[in-house]
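Student: Let's go through this one together. Start with how the elements are named, please.

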Amino acid sequence: MANSGIQLLGFFLSLIGVVGLIVGTILPQWKMSAYIGDNIITAVAMYQGLWMSCAFQSTGQLQCKIYDSILQLDSSLQATRALMIVGIIVSIAGLGVACMGMKCTTCGGSDKLRKSRIAMTGGIILLVGGLCAIVACSWFAHNVIRAFYNPYTPVNTKFEFGAAIFIAWGGSLLDVLGGTMLAASCPRKKQVSKYPPAGSSRAGPSSGTKEYV
């Protein structure tokens, strides 16, 4: 029962993590304009995400524009896009594999050891997907920090972290945690004793002796 509970907990944590990855990837608030220096009082707040850039005015109006060309984007943004998409696809595949191997499901056969190995494989796949998302978020954050502390960057073009990158970070960590729990739920094989039982060793000589007349 404990093993089945760990599998269920890991599966739902990974499921919540995948939802967080999808939401974080779609939202445009990966970085937002920093209010420093002469930019403290402004009527427009700028947001930039993986797919679009938005301007939020003080009147409450939000205007977004999807990036026109992929080739005109920065290489780091393209790499972040690719890693997030790969992480989401791999994590969804890992959820499907883990669902087949969980003890509470009927698919995947009736062999408990085989189902546990399938669940462990799904957990490893989820780990790979979560690590791809962590690398993407960390890389994007590194570029934001480097541009923020660059003295040659104009003050009105400096950005800081937005809400979407924290959602993506949290989703990737939940994905990794759930994958770890699924990967660690595989039971170990029972150790077979190298020595024969005591009863068989005693019965052996008596059966092998022959009586002569």
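Tutor: Helices are DSSP runs of H or I with at least four residues, strands are runs of E with at least two, and both are numbered from the N terminus. This is a predicted model, in which local features need pLDDT of at least 70 and side-chain atom pairs count only at pLDDT 80 or more, while totals for chains, interfaces and linings use all residues. Residues are numbered from 1 along each chain as its sequence is written, and side-chain values use heavy atoms, with hydrogens and water left out.

Student: How many helices and strands are in the chain?

Tutor: The chain has five helices and five strands. Read from the N terminus, their order is α-β-β-β-β-α-α-β-α-α.

Student: And what share of the residues is buried?

Tutor: Of the 213 residues in the chain, 36% are buried. Buried means under 20% relative accessible area, exposed means over 50%, and partly exposed is in between, with a 1.4 Å probe and protein chains only.

Student: Where is Val19 found?

Tutor: Val19 is in helix α1, which covers residues 2-26. With a relative accessible area of 47%, Val19 is partly exposed.

Student: Helix packing next. At what angle do α2 and α3 pack?

Tutor: Helix α2 (residues 75-101) packs against α3 at about 165 degrees, and their axes are 7 Å apart. That makes α2 roughly antiparallel to α3. As for the terms, axes are lines fitted to C-alpha atoms, for helices over the stretch in contact, and angles run from 0 to 180 degrees between N-to-C directions. Angles over 145 degrees count as roughly antiparallel, under 35 as roughly parallel, 65 to 115 as roughly perpendicular, and the rest as oblique.

Student: Which hand does the crossing of α2 and α3 have?

Tutor: The α2 and α3 crossing is left-handed. The contact of α2 with α3 consists of 23 nonpolar, 12 polar and one charged residues. A left-handed crossing has the near helix turned anticlockwise from the far one by less than a right angle, and a right-handed one has it turned clockwise. Nonpolar covers Ala, Val, Leu, Ile, Met, Phe, Trp, Tyr, Cys and Pro, charged covers Asp, Glu, Lys and Arg, and the others, Gly among them, are polar.

Student: What about α3 and α4, at what angle do they cross?

Tutor: Helix α3 (residues 112-148) and helix α4 (residues 163-183) cross at roughly 155 degrees, and their axes come within 7 Å. The two are therefore roughly antiparallel to each other. Their crossing is left-handed. In the contact of α3 with α4 there are 18 nonpolar, seven polar and one charged residues.

Student: Is Cys137 buried or exposed?

Tutor: Cys137 is buried, at 0% relative accessible area. Cys137 is located in helix α3. Its C-alpha atom is separated by 6.4 Å from that of Trp169, 32 residues apart along the chain.

Student: Rings now. How many aromatic pairs are there?

Tutor: Rings of Phe, Tyr and Trp (its six-membered ring) pair if their centres lie within 6.5 Å, and planes under 30 degrees apart count as stacked, over 60 as edge-to-face and the rest as tilted. By this rule there are six aromatic pairs. One of them joins Phe148 and Tyr149, with centres 5.2 Å apart and planes at 85 degrees, so the pair is edge-to-face. Tyr149 is exposed, at 64% relative accessibility. Another aromatic pair, Phe166 with Trp169, is tilted, at 6.1 Å centre to centre and 50 degrees between the planes.

Student: Where do Phe166 and Trp169 lie?

Tutor: Both are in helix α4, three residues apart, or about one turn of the helix. Phe166 is partly exposed, with 47% relative accessibility. Ring pairs also link Phe161 with Phe166 and Trp169 in a cluster. Phe161 lies in strand β5 (residues 159-161) and is partly exposed at 25%. Phe161 and Tyr47 are 114 residues apart in sequence, with 9.8 Å from C-alpha to C-alpha.

Student: What lies over the face of Phe159?

Tutor: Lys31 does, at 5.0 Å from the ring centre. The test is that NZ of Lys or CZ of Arg is within 6 Å of the ring centre and within 35 degrees of the ring normal. Phe159 is in strand β5 and is buried at 16% relative accessibility. Lys158, in turn, lies over the face of Phe148, at 5.5 Å from the ring centre.
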